[in-house]
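The sequence and model come next.

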Amino acid sequence: MPLSGHIALAGAPNVGKSSLLNALVGQRLAMVSPKPQATRLPVVGLRTDADTQYVFHDLPGLLDPRYALQSAMLAAAHAVLERVDLILHLHPAPDAPAPPFEAIARLDRTPRAPVLLTYTKGDLVSAERGAEVAASGAVMVSATTGAGLDRLLERI
């Protein structure tokens, strides 16, 4: 039976959303920059494996807006969060533990879709720290090395 689902890559600015999207789809689709807020509008990427199609949505960074552009970016992210099947709450592994998703996303209510905590930048932490993350039930990935991507796709 073919499967398909929409997955949001959500988190604060510069947590590795665009890098992860590029790694998951296997090509440079989203712009990656060390400057925060490079993604202004959601970027959609597709991945097809056998009978499963993943529709990934790389969202603008979730932040407390200080001006009109940031408010529009947050509104665009919220619109996607309302219609996806799964939300990957991305947070850098070196900065673990992650705060609650609702606080980061500035949501008025709990999202309809389930939230999977996913630690990014896993290549920047020790093996011991990686074991702690695995024990917590979260997934740890590295877009740079590709480590953990298969595990993430299994969890999705």
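Val-44 has His-57 in β3 as its bridge partner. Strand β2 (residues 43–49), running antiparallel to β3, is joined to it by seven bridges. The two make a hairpin with two residues between them, and Ala-50 in that turn has a positive phi of about 50°.

A quick word on ground rules. This is a predicted model, where local features need pLDDT of at least 70 and side-chain atom pairs count only at pLDDT 80 or more, while totals for chains, interfaces and linings use all residues. Residues are numbered from 1 along each chain as its sequence is written, and side-chain values use heavy atoms, with hydrogens and water left out. Strands (E, at least two residues) and helices (H or I, at least four) are DSSP runs numbered from the N terminus, and two strands pair if DSSP finds at least two bridges between them.

Now back to the strands. His-57 in β3 also stands opposite Ala-8, and Ala-8 has Ile-87 as its bridge partner in β4. Over in β5, Thr-118 is the residue opposite Leu-90.

| Strand pair | Sense | Bridges |
|---|---|---|
| β1 and β3 | parallel | seven bridges |
| β1 and β4 | parallel | four bridges |
| β4 and β5 (residues 115–120) | parallel | six bridges |

How covered is β4? Seven of its seven residues are buried, where buried means under 20% relative accessible area with a 1.4 Å probe and protein chains only. In a regular strand, side chains alternate between the two faces of the sheet. In β4, Leu-86, Leu-88, Leu-90 and Pro-92 point one way, and Ile-87, His-89 and His-91 the other. As for β3, six of its seven residues are buried, so the rest of the structure largely encloses it.

Nonpolar side chains tend to be buried together in soluble globular proteins. The largest nonpolar core here has 19 residues, and Leu-9, Leu-20, Leu-24, Phe-56, Leu-88 and Leu-152 have the most contacts inside it. β1, α1, β3, β4 (86–92) and α5 (149–155) each give two or more residues to this core, and α1 gives the most, with four. (A nonpolar core is a set of buried Ala, Val, Leu, Ile, Met, Phe, Trp, Tyr and Cys residues joined through side-chain atoms within 4.5 Å.) Not counting residues up to four places away in sequence, Leu-9 touches Lys-17, Leu-20, Leu-21, Phe-56, His-57, Asp-58, Leu-59, Leu-88 and Leu-90; contact means heavy atoms within 4.5 Å.

What about the gaps? The largest pocket has a volume of about 400 Å³. A pocket is an open set of points on a 1 Å grid over the protein atoms alone where a 1.4 Å probe fits, with protein on both sides within 12 Å along at least five of seven lines; its lining residues have an atom within 4 Å of a point. Volume is the space filled by probe spheres set on the points, which are joined across faces, edges and corners. This pocket is lined by 27 residues, with Val-15, Gly-16, Lys-17, Ser-18 and Ser-19 nearest its centre. Helix α1 (residues 17–25) gives the most to that lining, with four residues.

The second largest pocket holds about 160 Å³ of space. Its lining includes His-6, Tyr-54 and Asp-85, and β1 gives the most to it, with five residues.

How values were computed. Buried means under 20% relative accessible area, exposed over 50%, partly exposed in between (1.4 Å probe, protein chains only).
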